[in-house]
Amino acid sequence: MEAEGQWKRRSCWWITLTFLLCSGKLVTAQIKYTIPEEVKVGTVVGNIAKDLSLDVINLVHRRFRIVPGPDDGLFQVMQNKGELYVNNRIDREQLCDGNPVCSINLKSVIENPLEVHYIEVEITDVNDNPPIFPRSEQHFEIAEHTLLGTRFQVQTARDPDLGMNTVRYYKLSPNELFDIDVRERHAIKTPFLVLKKVLDRERQSKHRLTLTATDGGNPPKSGTLNITVIVLDVNDNRPVFSRESYSATLRENAPLGTIVITINATDQDDGINGDIEYTLGANLDGKIHDLFSLNKITGELQVKGGVDFEETDVFKLDVQASDKGQPPLIAEAELSIKVIDVNDNSPEIEITSLSNVVSENVNPGTAIALISVSDKDFGVNGNVICTLPQNIPFELKSSFKENIYSLVTKGRLDREVTSGYEITITATDLGRPPLSSFKTLNIQVSDVNDNVPEFIQISFELYLPENNAPGASIFSITAFDKDLNENAVIVYNLNQGDVTSFLNINSETGNIYALKSFDFETGKTFSFQVVATDSGSPSLSSNVTVNVFILDQNDNVPVILYPVSANGSAEGVEEIPRNVNAGHLVTKVRAYDADIGYNGWLLFSLQEVSEHSLFGLDRYTGQIRTLRSFTETDEAQHKLVILVKDNGNVSLSATATVIVKVVEPKEAFAASDVKNAVTDEEENHVTFYLILTLGSVSVLFLISIIVLIVMQCSKSTDCSSKYLQEANYDGTLCHSIQYRSGDKRYMLVGPRMSLGSTIVPGSNGNTLVIPDRRSRRDSGEDIESCH
């Protein structure tokens, strides 16, 4: 309370501001406050927000805070006000250990955007400690007839306060024999007991005195020492050192037992009054006795403990030489030991991570972390260079303050290439040999939606048998996305609206379902597009084309074109002369199958005949011819039932009945005119229907071929197929269809197959795998399906 009141009365309050801008990326500033020690906890040191002109409203949202450090527990900030206040008791002597300037450096950080402010708080001294003597009593043995003015060093009172608050003067209790004299040595006021009147042991052998040490505080504080002087018999010569002061140098971390220096003193007395013993001064810090030992006989000063330059670079010692007289006489000398620094401390790295997760689309120059490096060594041994590994998209940017760096991005990040970085920061000093320290920072790269869905092929071909079951899955398509989570969740849709009437797709799995049954005879091919869209924001999409080829199934029954009776049944009557020779063409059965390939390849056979020796049937053309000449015993009328069937796995068939009447040559000739007229009329009707059917089929076939050629040639210039015209029409309908997929072509064929053709397994015998036409362009082969 006394210190706080004194601080308020003096109104000692200084503020210094410095602002620096670093390339528009990192805003930094330095501010300085001055407060006395021992102020009340909660005392406001200063308003940082006001002094730096910060917006107080956004401080909480921007995470205004003190970066953790060794002294961060002494001060804290009020985020809602921007005030820096005292958080714990401040003891200047404990913090700074006698240093004339006591400053605490703090670092505050404000995010979004990043601002780093360096705060220096200077702690001023108050008179909160009284002078204290190392021991409460001190004894002196002084020989009688000691010369007047002889000085005896008394314990020095220690006061950790500074300036006016430290020891100002000593006062000795009233007496006739002694006075007190004060000398400054090593900036310390050292009291000496001065003899001002000759001692007389026989008159008084012991004297008790009180020495009071008083500081210059207001009010002053004091401490006392009880001095006892014992009067001895004379020993009138004291030791004398060879020099008034000694100096030496010593490398830090010197091995134990190393001789630092040898001191020497002489005494003109004889006997034990001239024997000298060397000791260290009584007022030395206890740490000195832990580090050094003085051989009392030889005067050699040796290293006893570990000497560390970073703790103390110069040692100031008092050495004493004492004879063995009664009382002993003592001489004192000063010894200064300068410690030489060696590179024995590795650099220290402190990382303040702003974020361990970085978006892959951040701009180059984005700050990721703040890095501070330090080295306890001196000179070049304490100069530090900070480096990063090669081939990483990060770099270090120096700050305005030495050994302060910002870790920033220097290139574009791509999570799909590298999802995380383990950054090893290396700090190396310039000592010989150099020492290094390492620290690792793990950075994870977060995903953004920067990859479109991809299909495994640029297009797909689907070969689908006709008469498929409606509602069944006919194809499955899959795309993949290199992104993560929602950015990689794919939704599938059909691009063309016209196909949605007969196709459906599962938006999650990519399974495609047919809503209707396809008919090869009405449509042989079509195509559609599938669109894959991810669930990112904004979403990305791609599409792929699926070409569908309908494969023929044996679902059409052969149709008899001739003979056809007036009532529409497959039945006809033929008249031939009895005198015809063997091989005479009686008639020809004509039939048609809407299927193609083997499914439309028709074979003719006699299912029923009245006389097997008279008539023969060509199984491929349907021609009925006589096998021999007629005899008188042969019947005049014969019935032939012809079976027409296709070559499907499960063949379909139809029958036609032909009645052959054998007439005499004159009757046949006479009836021939009438029959020819009727036959011509019937054949004209049949020919008309046949031409109409052939024309329709040819137009549909030609359109299919043109569409297929255009689709295949749009993929590759080598995919065009050469279609040969039909040849040798002999009463059946002939056509061929080719498909192409990848490096193979598929052709649906009839009975005339070229050599080297191979039937595809499971194709119902309708499909051949044909070698690439590029290798057989000049072969002249053609493949057709006839029925």
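How accessible is Asn 253: buried, partly exposed or exposed? At 43% relative accessibility, Asn 253 counts as partly exposed. (Buried means under 20% relative accessible area, exposed over 50%, and partly exposed in between, with a 1.4 Å probe and protein chains only.)

## Before we start

This is a predicted model, where local features need pLDDT of at least 70, side-chain atom pairs count only at pLDDT 80 or more, and totals for chains, interfaces and linings use all residues. Residues are numbered from 1 along each chain as its sequence is written, and side-chain values use heavy atoms, with hydrogens and water left out.

(Helices, labelled H or I with at least four residues, and strands, labelled E with at least two, are DSSP runs numbered from the N terminus.) Asn 253 isn't a glycine, yet its phi is positive, at about 60°. Asn 467 has a positive phi as well, near 65°, and isn't glycine either. Look for Asn 467 in the loop between strand E34 (459-465) and strand E35 (473-476); with a relative accessible area of 42%, Asn 467 is partly exposed.

Why point these out? Most residues other than glycine have a negative phi, and most peptide bonds are trans. Now for some cis bonds. One joins Asn 112 and Pro 113, with omega at about 0°, and Pro 113 sits in the loop between E7 and E8. Another cis peptide bond links Asn 218 to Pro 219, again with omega at about 0°. Pro 219 belongs to the loop between strand E14 (206-215) and strand E15 (222-232).

## Salt bridges

Side chains of opposite charge can pair when their charged atoms come close. Searching the whole structure turns up 15 salt bridges. (To count, a side-chain nitrogen of Lys or Arg has to be within 4 Å of a carboxyl oxygen of Asp or Glu.) Take Arg 89 and Glu 38, whose closest N and O atoms are 3.0 Å apart. Arg 89 is in the loop between strand E6 (83-86) and H3, while Glu 38 is in the loop between strand E2 (26-36) and strand E3 (44-47), so this pair ties together parts that are 51 residues apart in sequence. Arg 89 counts as exposed, at 52% relative accessibility.

Next up is the bridge between Arg 65 and Glu 111, at 3.2 Å from N to O. Arg 65 lies in strand E4 (residues 65-66) and Glu 111 in the loop between strand E7 (103-110) and strand E8 (115-124), so parts that are 46 residues apart in sequence get tied together. Arg 65 is partly exposed at 21% relative accessibility, and Glu 111 is buried at 12%. Glu 664 also has a partner, Arg 578, with the closest N and O atoms 3.5 Å apart. Here Glu 664 is in the loop between strand E50 (653-663) and helix H5 (665-715), and Arg 578 is in the loop between strand E43 (571-577) and strand E44 (585-588), so the pair ties together parts that are 86 residues apart in sequence. Glu 664 is partly exposed at 40%, whereas Arg 578 is buried at 13%.

## The largest pocket

The largest pocket has a volume of about 1,600 Å³. (On a 1 Å grid over the protein atoms alone, a pocket is an open set of points with protein on both sides within 12 Å along at least five of seven lines, and lining residues have an atom within 4 Å of a point. The volume is the space filled by probe spheres set on the points, which are joined across faces, edges and corners.) Of the 43 residues lining the largest pocket, Asp 97, Arg 158, His 186, Ile 188 and Asp 285 are the closest to its centre.

Among the elements giving two or more residues to this lining are helix H3 (92-96), strand E12 (178-185) and strand E23 (314-323). E23 has the largest share, four residues.

## Another loop

Gly 523 is in the loop between strand E39 (511-514) and strand E40 (525-534), and is partly exposed at 29%. Gly 523 and Phe 549 are 26 residues apart in sequence and 9.1 Å apart in space, C-alpha to C-alpha.

Technical notes:
1 Å grid on protein atoms, 1.4 Å probe; cavity = no way out; pocket = protein on both sides within 12 Å on 5 of 7 lines; lining within 4 Å.
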